[in-house]
Structures are given as structure tokens and as C-alpha cells.
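Here are a few friendly notes to read alongside the coordinates.

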Protein chains: 2
Amino acid sequence: MTSQLKGKLVVGQSGGPTPVINASLAGVILAAQQQPAISGIYGLVHGIEGALKEELIDLDRESAETIKLLAQTPASALGSCRHKLKDEEYGQILELFKAHNVRYFVYIGGNDSMDTCHRVAELARSTGYDMRVMGVPKTMDNDLAHTDHCPGYGSAARFLALATRDTGRDLEAMATFDDVTILEALGRNAGWLTASAMLGKQEQDEAPHLVHLPEIPFDEGQFLANVSDIHQRLGCVFVVVSEGIRDAEGRFIGQAEQESDAFGHVVHSLTNGVAAYLTERVRQELGLQARFLRPSLIGRALSASISETDRQEALEVGQQAIIHLAGGQSGHMVTLERRSNNPYRWETGLAELAAVANEEKLVPRDYVNEAGTMPNERFVEYALPLIGGALPPLARLASVPVEKKLNS
Amino acid sequence: MTSQLKGKLVVGQSGGPTPVINASLAGVILAAQQQPAISGIYGLVHGIEGALKEELIDLDRESAETIKLLAQTPASALGSCRHKLKDEEYGQILELFKAHNVRYFVYIGGNDSMDTCHRVAELARSTGYDMRVMGVPKTMDNDLAHTDHCPGYGSAARFLALATRDTGRDLEAMATFDDVTILEALGRNAGWLTASAMLGKQEQDEAPHLVHLPEIPFDEGQFLANVSDIHQRLGCVFVVVSEGIRDAEGRFIGQAEQESDAFGHVVHSLTNGVAAYLTERVRQELGLQARFLRPSLIGRALSASISETDRQEALEVGQQAIIHLAGGQSGHMVTLERRSNNPYRWETGLAELAAVANEEKLVPRDYVNEAGTMPNERFVEYALPLIGGALPPLARLASVPVEKKLNS
């Protein structure tokens, strides 16, 4: 391979959107426009589904203003998908690429997408079609291996940290009326996002009081006992649970039936989710007022709580994908490497697609306290820089009591 | 009454918090510190419950930095309550005020709180205790009469407008996989907040596609037919429903049993809410992939989506309450009066507590389209300035198709 390979670039977005996946797309487009070897920039409509249907759009026809705004626009502007390619469909995609003289392929996505990327690259290589492939990491789940963290995570984590802290203040204010709030967080297998709920916690007794990750088996009896204890001590309890918490036998809590997506992942429960279930249990077993919050996709979409660090990183990994492709690299995913925590410094690197594909990075057990109910300082050290550092501070009244004058 | 009445000020917060109720509190404190006649500023802990328990804090002991930060801090910093005073308890409160030489009382809250204010003022007057009382409006429900709008509404509305628009983009991106998203909005009787979901809608086919207010009877059969039609046309459907939609007979949709609060208002349903119910109906009846979002209290707490217009107005009504009290006024609520829409200009005014108390302002029928499924331009004209004007723009790709080269 030379660095002078002339041809078109195809870029696609895959899997669940994030608030900054379009920043990566903007980075790809901006960098590609600087490369003389890239003779055109095409976008896949709804990811790999667009490749199968030959639905491509011409990204060179977008205005500079649109590309700039794209870096601030949540969700996947090209459209996304969860299609798992069948073996014979890889050949179809290669035919499409050949027909349009596509020599560069960038896919922005999570581990399933990196597998797709890897297999496209392998097929091109084994059939002698000169093409370069680069993966761009994207997942608010933060579960990709071989990268310090994933673009999209910082923003989803910042939303959850803000939502927990601010709604925790609401619960505190209403503590003579409301008892228990249970917030259901996205992230079925990896608890990175759920754990971020505590990144706005400044004091021991502030929300959240219990945080349950999918990595740690959930004991309902112990949970109810903990809720009861905390309620007696503080008058209110703020709980954050991953949508995917499981008992010691691996059964999802409060979910009788499951549905699977094309990759065999459970995606939609047929019940109302674990927070609704636990809210009911708290009411029944403890007789407390309880309500559940389920921001669901708002947590991976809201533009108002984007982490600027995350946005910068997302833009940069998009740009670096093109720079590496133009330099002759292929078969890799761009990674984020942490250089220091204080001040937070990072660089990009590369990891082999084959190594990244279908691996999953979970929260280490030693990032959570012994009881398994709260992420600890190790987690904070890891995650706080990714949401852009400490949240804007809130007031906490000193609350100096006035001396009583009545004997009531 | 003279304007030289010397004594202490008591201020309390009541009812559900908003992201800017503390801005009103900060306004009260800052203005009171300028009044020589006010010899001390006490805060009620958990509203009127603090008065019954003689739990007061000395707000003069708070630092200037804390007060400044308070104007940026969501939820009720003094603590709130939903306690409905019994007749005999009003006397108890007056005794407390007398014991501490309290001559000024400001209560920040909704229509129930204005009733409490009014009755305290009446009792003081009828028993000859020289005291001045002022209500400060606060409710994200925006349902207070005799004011153009209510502090707290603009910020809650801005969250919902952002959440709907941004999550709508997410649904659009995933339209080959997800079909229907149903977002449940706060506001059980008044649809002001629910209606605000469409304030970020720029184009006909963007989210939201259906918006159902509690003021307009909900027909489940018609709803399912509408969802089906929109799905066939667009491939995805984004629905926003008030938590309090009712059928033509006034029965809450999807809620078998109800609980009431001390004011006789229904506060907690014993089921999982209307969005969960309708999601299940869409799956069963239409066979579509559906999910529900229930941000619940996040919508009235999140600091990241505050409307700066709302924050300014909340601060100002707090300050004006003190200025009017010091000027000799009593028995009123500070109001917001709109002077012009473009540019948006407002002033404060006064309304009699007796007129405001226990009244409820609903969304006029002519703010909604004929089908009852979408607020119209009249609503936008009313509400858009309150969220601070148009949301920050998002990119929308021109999506010029690439000519096909294969015959697949």
C-alpha cells in the first residue's frame, strides 16, 4: 500500500447514537476535505443498511456551516442501524465499494461495528481490492477494549451526574413528603454509565445513596434493608440502578421475559424495566413513597449537558482516522490514551480492529466499594476528567438555626 | 400601615421545586438586606412545616458567595413541603411570628401556597397583628391565574423542548430499528409543560408527532390509529403525553388506582404511569417496537437546561416582593406581565392573593390544533420567549443522494 491511493471515502455511523457521534463525523469530513487523495466523501444512510441498499449521500455537497453545526448536534445525522451482516452481505458491500471506486472506509461505532469493519478489511485484503479501513470508537457504554475510554461516554455520564445531583436536591427538599427515588440508567452489561451517577456527589449524605452496576450481583433483600436503613437515617433515599442488574444466578431483576437483537443482545424488556419493579417492591415491602425516573434515551441524546472534553475527543478521533488512512494505515481503530489526570491530558493511538472487535470492557471490581453499592475514588479519578471535571457548583446553605422561643 | 414597620422577615418555599425557585429566594434575601426596616431574615425549614415545628434558620448568616450561587441552584434550598394547614394551625403560626417579632412574610409557591399566604394575612389582620404578607409565584405547571406566566415554567419547558428535539433525532437515526418513543411529561391538570415539548420542532416531520394535553379528552383508539398512520408515513413516531391525560369520562388513562395528597390532588399513581401503559398498548395492538421515557423529576430539577429568562424573572419577583412589602403593600402575589413579544419585554405587577388562591389556569383550547394532537402557533408565540427564545440550532444534512451504480 502506498499513501497515494486515490479514491472515494465512505463513512457510516452505527449502533446507538450519542450526543457527540456527529462530532466524529464532522472530524472525518473536515480532515478528508484536506486530503488530495480522497476524491469524494460519501455517507452511508443508516450505516451498513445503506451500503446494502446503495443509499449513499454526497457529503461534499454539505455547507461548511452545516459541518460546523454537526459537531454540536446529537444523534447520528447519517442515520444508524443495528443490522448484523450475514456472511454473503460482506461481498455485496465490497461490490458497492468497487463500483464507486471507494478506497477508504470509516465506520463510527461500538464493538459490533469494529467487527464489521474488521471483516470488510479482511475481505478486501483477501480478494486483492486495495482499500483502507479505519474504525472510530463511539459508545456511551464505554465498554470498548484497548482504548482508555470511548467518545460518547463523557457526555452521557455528565447528563447522569447532573440529573442525579440536581434531582437529589429535589428529593432532599421534598423529604417530608417523598421517600425514595429510583433512577434507571442505560447500560445493560457495563456499569460505566451507571457509576457516573455519583460524579456530582460532594458529601457523604448527598444523592446518590445506592448505585447498582450490572457487574455486581444484585441481592433484593439486602437492597430493601439498605433502603430502609438509609431512609431511617436521612429521611430520603436516592437509588441509581443499571437497566441490566442481575441476581447471583444471572437473571435480570424484575424482567420476566426478554427480547434479543440481531447480535443476540437483549435490547427491549417486555416489562416496564427494573426501576419500576423495584419502586413497587419498596412500596410493598417498606411502605415508603417511591417513584422511578427513566430518562432512557434522553441520557444519550441531550445536547444541553454535553461534556466539552468528550466533544473535543470525538472530533479528534474522527480527524485522526483520516490522517492515519491517508498515511497508509488500515485495519485499526483510533484509540484514546490518557497521559495524565491532573491536568487531564490525552493523545490518540491505534489498536487493531481484530483485537477490539467483540471484546467488552467492564468496570473493575476494585472501582466499587466493598459492599458493591457505590463506586469509589478510583472510579472518580478515572471518570471525572471525561465529563469535563467537576460539575458547576451548587449552593449549600449553612443553615444556622434560630433559637426557639416557643415550647411547642 | 406605615412603610416604617420594623421587624423580622420570614421566607419559605412550598410545593414541588423548580430549577429557579432558589433564584427567587436569592432575590428575596438580596432585596431584604437593603431594607433598614427588616431587622433579620429567617428561613422556614420545609415550608410551613418549619413554622409549626419552629424550625427556622438565620439567612443573614449565609455568605454573599452562597447567596450568589443560590441563584444558580435547582430545588428548594430551604426544604419544601406539601402540608395543608388545619384551621387551628394558622393561629399557631401567628404565635410563632409574634414571638420572633416577624412583621414580613414571603411564601414562594403555587396556588395552594397562595391560599396559605392569604389565610395568614387575613388572620393577622383580623386579630390586629401588624404584619405584611407577599406571595411569590413558583410553579413549573404554569397554572397560576392573574399572572402571564410563572417562574419555574420556562426552565422545565426548556428541558422538555430540548429532550424531545434531541431524543427525536435519536429516534430518527434509529428508525430502521426503533418505531415508537413515548415520553411522559409532568403536569397532571395543566398542559402547559407538555405542550412545550414542541417548542424545538422546526419541521413538520420532526419530533414530536403527537402531543397530548390533560385538557383534551384522550381517545385511545384514535391514538393508536394516529400512531399507525404516522409510522407508515415516517417510519417512526415520537409521542409526548401528559402524566394526567384522561378519557372523555375523566378517568386517568392506564391508571387503575389513585392516591391523593393532603390537598386532595392525585399525586402518585399506583401503576407505572401512562407512558408505560401506552407503550404496552402500541406493542400489543400495532406490533411495533416501542419504549417509554419518564424523566419525571429530572424535568423540574436539571440545572443544565435552565432558561436564563426564567432565572432572571424568578430573581426579580423575589426582589419585588420585598420592595412592595417595604413600600407598605400586603396581601398580594407578585405577577409577571408581558409588555411585548418581539423583542420579549416584561414587567412585574401585583395580584390579590384572594384572587389567585386555588384558581387554576389551563391551556386554552385554541392553543391546540383542531385534532387536539399538537399545540399551534398561538402557543408557540406565548411560550417561546419564556424558554429564552429559539433553542440553539442543530445541523440538518442536505443529504444529496449519490447516483446508484448497481442494480440490486
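1. Chain B and chain A bury about 7,500 Å² between them, with 62% of that area on carbon and sulfur atoms. Please keep in mind that this is a predicted model. The contact draws on 91 residues from chain B and 91 residues from chain A.

2. Now for the polar side of the interface. Between chain B and chain A there are two salt bridges. In a salt bridge that you can look up directly, the side chains of Arg300(A) and Asp170(B) come together at 2.7 Å, N to O. Counting polar contacts across the interface of chain B and chain A gives 31 residue pairs, both residues at pLDDT 80 or more.

3. Which element gives the largest share of the side of chain B that touches chain A? That is helix 6 (residues 153-173) of chain B, with 10 residues. By residue class, the side of chain B that touches chain A has 43 nonpolar, 22 polar and 26 charged residues.

4. Within chain B, have a look at the open sheet: seven strands in the order 3-2-1-4-5-12-13, with mixed pairing. From one strand to the next, the twist averages 30°.

Terms used: Residues numbered from 1 in each chain as written. Chains lettered and ligands numbered in written order. Predicted model: local features only at pLDDT ≥ 70, side-chain atom pairs only at ≥ 80, totals over all residues. Heavy atoms only, no water. Contact = heavy atoms within 4.5 Å. Buried area = accessible area lost by both parts, 1.4 Å probe. Salt bridge = Lys/Arg side-chain N within 4 Å of Asp/Glu carboxyl O. Polar contact = N/O pair within 3.5 Å; in protein donor to acceptor, adjacent residues only side chain to side chain. Helix = DSSP H or I, 4+ residues; strand = E, 2+ residues; numbered from the N terminus. Nonpolar A, V, L, I, M, F, W, Y, C, P; charged D, E, K, R; others polar. Pairing = 2+ DSSP bridges. Axes fitted to C-alpha atoms, helices over the stretch in contact; angles between N-to-C directions.
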